[in-house]
Amino acid sequence: MEKFKNYVTHLECGLTGQADYLPGEIHGLSQAGRPLLVRYALKAMKHELNKNDIWARPGGFWKWRELLPLMNTENLCALGETDTPLQPCPRLQKDLNVTGEILMKDEGRLPTGSFKARGLGVAVAMAKELGLKRLAMPTNGNAGAALAAYATKAGLESYIFAPDDTPDINIREISLQGGKVWRVNGLINDCGKIVFDGKEKMGWFDLSTLKEPYRIEGKKTMGLELAAQLGWSVPDAIFYPTGGGTGLIGMWKAFDELEKLGWIGSKRPKMFAVQATGCAPIVKAFNDGTKHADLWEDAHTYAAGIRVPVAVGDHLILEAVRESKGAALAVSDEDIEIARQQIGQREGFLVCPEGAATFAAYKRALKDGRIDGADQVVLFNCGNGLKYPMEEQAGVLDRRHPIDYDALK
Ligand SMILES: *Cc1c(COP(=O)(O)O)cnc(C)c1O
């Protein structure tokens, strides 16, 4: 088995900077109740590694082994990970009369059909490495599916709790992949409370978004991969559908690490956190100029992945958005559906509602002058469009009568 050097030095509180958390121990949140961030010996890495050698490796997000926390390759659980394509969208550019490239990073190609594979692949491998046996998590669907698949592959148990209106397909894929799953009459934070309250009694380790340190590291690989795909540079703007914000925080961390390694320069993309008008706590906090976001009451949107009323990493999301001179933007379910149809019918690309939301937000940002038509932008299609309900648009034919072919034109 190939040997990789591990460069982790310690973990650090994302809020207070307290830095005495040791690798090799089991960690949840920091003492301040906030996410922990993994730190690496980047100076040593800079001398010892070559970016192009790493990028040339197979294995999707696992190729970034030295920038990930896993020590022992035996604990790695792989399900056929792949780098995800950056799809050009020339017809959308034409529709909007912009010269800057619109690139859609298609995360639907990953195992279990969403970018949750990145976070949970790494988090489950770390759970295995740390000797944990029984994992639990609240989910809006995709995270549960990724947890079930990777936990089963790793030989661990998974207990998963989902709001009762979670798409049927998510619930079914979870159990088919070996997870134990329950529908709960509440939202994701209510499901999170069931995990929190039952932890001790059930012997669960809580894998809730950002409540353990390693999902961010997995999601970070989106930023590493993106920079490599763009020839070791970053786009002018990134539009990211933001629930717990793991991916946005992770990419922001990735760019920082890449710069310290000397693999990219100091340019940063404007980071846009995209939410739905029915659940927009980060947008509200951004507009109010506050450091943290309040719980959003009566959260609703059909883009289930971003129906997250409260995020424990709110300050990290807001920091990245503000430092990058981006914004947090909310789009309506109606605009999300229009965007989904436009991308499908113009580009032949079936995206998930959350992915469509990023295009709706891009259009808004253009209109508001937050970005320029010449900017190169990356939108995230975070899940496979086939996992979501689609509008029925077929006509109906009666084969027992003569077909009026002219009417089909
Ligand atoms: C989880 C999820 C999101 C939100 O991702 P975060 O990184 O947790 O903000 C967006 N879209 C889909 C489809 C998801 O599954």
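User: How many aromatic pairs does a search of the whole structure find?
Analyst: The model is a predicted one. A search that covers the whole structure gives an aromatic pair count of 13.

User: How are the rings of Trp55 and Trp64 arranged?
Analyst: Their ring centres are 6.1 Å apart and their planes meet at 25°. Planes under 30 degrees apart count as stacked. The pair of Trp55 and Trp64 is therefore stacked.

User: How are the rings of Trp232 and Trp263 arranged?
Analyst: The centres of these two rings lie 5.8 Å apart, with the planes at 75°. Planes over 60 degrees apart count as edge-to-face. The pair of Trp232 and Trp263 is therefore edge-to-face.

User: How many residues apart in sequence are the parts that this pair ties together?
Analyst: Trp232 lies in the loop between α8 (214-229) and β9 (237-241). Trp263 lies in the loop between α9 (246-260) and β10 (270-276). Trp232 counts as buried at 13% relative accessibility, and Trp263 is buried at 6%. The pair ties together parts whose separation in sequence, in residues, is 31.

User: Which residues do ring pairs link into a cluster?
Analyst: Trp55 and Trp64 form a stacked pair, and Trp232 and Trp263 form an edge-to-face pair. The cluster linked by ring pairs consists of Trp55, Trp64, Trp232 and Trp263.

User: Which residue has a polar side-chain atom 2.7 Å from an oxygen atom of the ligand?
Analyst: Of the 17 residues around the ligand, those that come nearest include Lys116 and Lys219. One of these two also lies over the face of Phe115, at 3.9 Å from the ring centre. The residue with the polar side-chain atom at 2.7 Å is Lys219.

User: How many of the 14 residues of α4 are buried?
Analyst: The buried residues of α4 include Lys116, Arg118 and Met126. The helix is largely enclosed by the rest of the structure, because the number of its 14 residues that are buried is twelve.

Terms used:
Residues are numbered from 1 along each chain as its sequence is written. This is a predicted model: local features need pLDDT of at least 70, side-chain atom pairs count only at pLDDT 80 or more; totals for chains, interfaces and linings use all residues. Side-chain values use heavy atoms; hydrogens and water are left out. Rings of Phe, Tyr and Trp (its six-membered ring) pair if their centres lie within 6.5 Å; planes under 30 degrees apart count as stacked, over 60 as edge-to-face and the rest as tilted. Helices (H or I, at least four residues) and strands (E, at least two) are DSSP runs, numbered from the N terminus. Buried means under 20% relative accessible area, exposed over 50%, partly exposed in between (1.4 Å probe, protein chains only). A charge sits over a ring if NZ of Lys or CZ of Arg is within 6 Å of the ring centre and within 35 degrees of the ring normal. A residue is near a molecule or strand if one of its heavy atoms lies within 4 Å of it. A polar contact is a pair of N or O atoms within 3.5 Å; within protein, one must be able to donate a hydrogen and the other to accept it, and residues adjacent in sequence count only if both atoms are side-chain atoms.
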